[in-house]
Amino acid sequence: MEGSESEAIFDTLNLNPQLFINETLNTVDDLLNDAFDFYLQEASKLLKVEVTDCSQELTKGVNYIRNMIQSSLDKRLAMWEKYCLRHCFTVPEGFSLPKNDELLASSSMIQDALADPDVDAELDSLRNKLTLVGAETDKLNSELKELERQSASSGHCAGLINEALQLYEDTSVQDMFQEMMQTATELRVKMKKLKTRQAGKLEHERAERIHNSLTDYFTVNPKKGLSNTKLDDLHEFLVELKKM
């Protein structure tokens with residue numbers, strides 16, 4: 001790039017591409033050195049070899065890794081430097097800078113456009129409209145989410161109703177319902193018969209207990225007879241019958 005037309009144009013603009021590249025390369029070298037110095041310091045603390053013979057061996061190992069990385073990095077940065085000089089900082093052939101008068105006129109037009117009050121007012125109007133549109137958009141999004149929620153809820157309810165109607169219209173369900181009614185009727189009849197049978201059985205057992213009680217009483221008191229029985233004894237006997 002030295003002595004080329006591109007260099008002359010950059011010098012006119014008070015720009016030095018090579019200086020920029022050199023500063024970038026120096027910055028990378030500084031970062032790499034700082035990183036490995038910090039790495040060596042922390043490794044020495046963790047391994048506790050700061051004041052031992054192993055410290056030299058650790059330093060050699062870290063320097064070996066640093067040199068290996070530095071060599072690979074230098075090759076890549078050299079390729080990057082060539083690419084920048086050949087492509088990024090090369091102006092097209094026949095390129096020429098505008099004259100000072102043209103630069104001043106262009107700059108003046110830009111300043112006038114930036115200082116135009118009509119432009120400022122239009123920009124403020126556009127900002128306000130953009131703010132209103134944003135607020136309206138947020139409101140519409142909220143309404144849309146609410147409608148989606150209501151639609152989902154309505155759809156769920158409609159699905160449950162359709163399922164219930166389908167079950168009701170199904171002939172197998174109706175048959176099952178009729179069978180359940182018939183079974184319930186038969187069960188009521190059987191329960192009624194069972195209650196009647198149990199009531200008769202209980203009445204029979206009660207009569208049998210009364211008969212046994214009378215038999216036991218007259219067996220214990222054979223000479224008294226019913227006519228010779230005392231009133232208190234009869235009252236006690238009746239109380240015992242009521243308990244049965």
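Three salt bridges are present in the structure, a salt bridge being a side-chain nitrogen of Lys or Arg within 4 Å of a carboxyl oxygen of Asp or Glu. The structure is a predicted model, in which local features need pLDDT of at least 70 and side-chain atom pairs count only at pLDDT 80 or more, while totals for chains, interfaces and linings use all residues. Residues are numbered from 1 along each chain as its sequence is written, and side-chain values use heavy atoms, with hydrogens and water left out.

One of the salt bridges joins the side chains of Arg66 and Asp37, with an N to O distance of 3.0 Å. Arg66 belongs to helix 3 and Asp37 to helix 2, so the pair ties together parts that are 29 residues apart in sequence. Helices (H or I, at least four residues) are DSSP runs, numbered from the N terminus. Arg66 is buried, its relative accessible area being 15%, whereas Asp37 is partly exposed at 42%. Here buried means under 20% relative accessible area, exposed means over 50%, and partly exposed lies in between (1.4 Å probe, protein chains only).

Helix 5 (residues 117-169) contains Asp124 and Arg127, which are three residues apart and therefore separated by about one helical turn. Their side chains form a salt bridge of 2.8 Å, N to O. Asp124 is partly exposed, with a relative accessible area of 41%. Glu146 and Arg149 also lie in helix 5, three residues apart, about one turn of the helix. The closest N and O atoms of the Glu146 and Arg149 salt bridge are 2.5 Å apart. Glu146 is partly exposed, at a relative accessible area of 32%.

Helix 2 covers residues 17-47, and its 31 residues should span 45 Å at 1.5 Å a residue; the end C-alpha atoms are 45 Å apart, in agreement with this value. The expected span is taken as 1.5 Å times one less than the number of residues. The N-terminal end of helix 2 is capped by Asn16, a side-chain oxygen of which lies 3.2 Å from the backbone nitrogen of Gln18. Such a polar contact is a pair of N or O atoms within 3.5 Å; within protein, one must be able to donate a hydrogen and the other to accept it, and residues adjacent in sequence count only if both atoms are side-chain atoms. Buried residues of helix 2 are Pro17, Ile21, Leu25, Leu32, Phe36, Leu40, Ala43 and Ser44. Lys48 follows helix 2 and has a positive phi, near 55°.

Tyr39, Tyr64, Ile65, Met68 and Ile69 make a nonpolar surface patch of about 520 Å². Patches consist of residues with over 30% relative accessible area and no salt bridge, with like charges joined within 9 Å and nonpolar side chains (Val, Leu, Ile, Met, Phe, Trp, Tyr) within 5 Å. Accessible areas come from the Shrake-Rupley method with a 1.4 Å probe; for residues, only the protein chains shown count as cover. Helix 3 (residues 54-88) gives the most to the nonpolar patch, with four residues. Tyr64 is located in helix 3 and counts as exposed, at 59% relative accessibility.

The structure holds zero disulfides, a disulfide being a pair of cysteine sulfur atoms within 2.5 Å. The cysteine sulfur closest to that of Cys84 is in Cys88, 4.4 Å away and too far for a bond. Cys84 is buried at 6% relative accessibility, whereas Cys88 is partly exposed at 47%.

Terms used:
Helix = DSSP H or I, 4+ residues; strand = E, 2+ residues; numbered from the N terminus.
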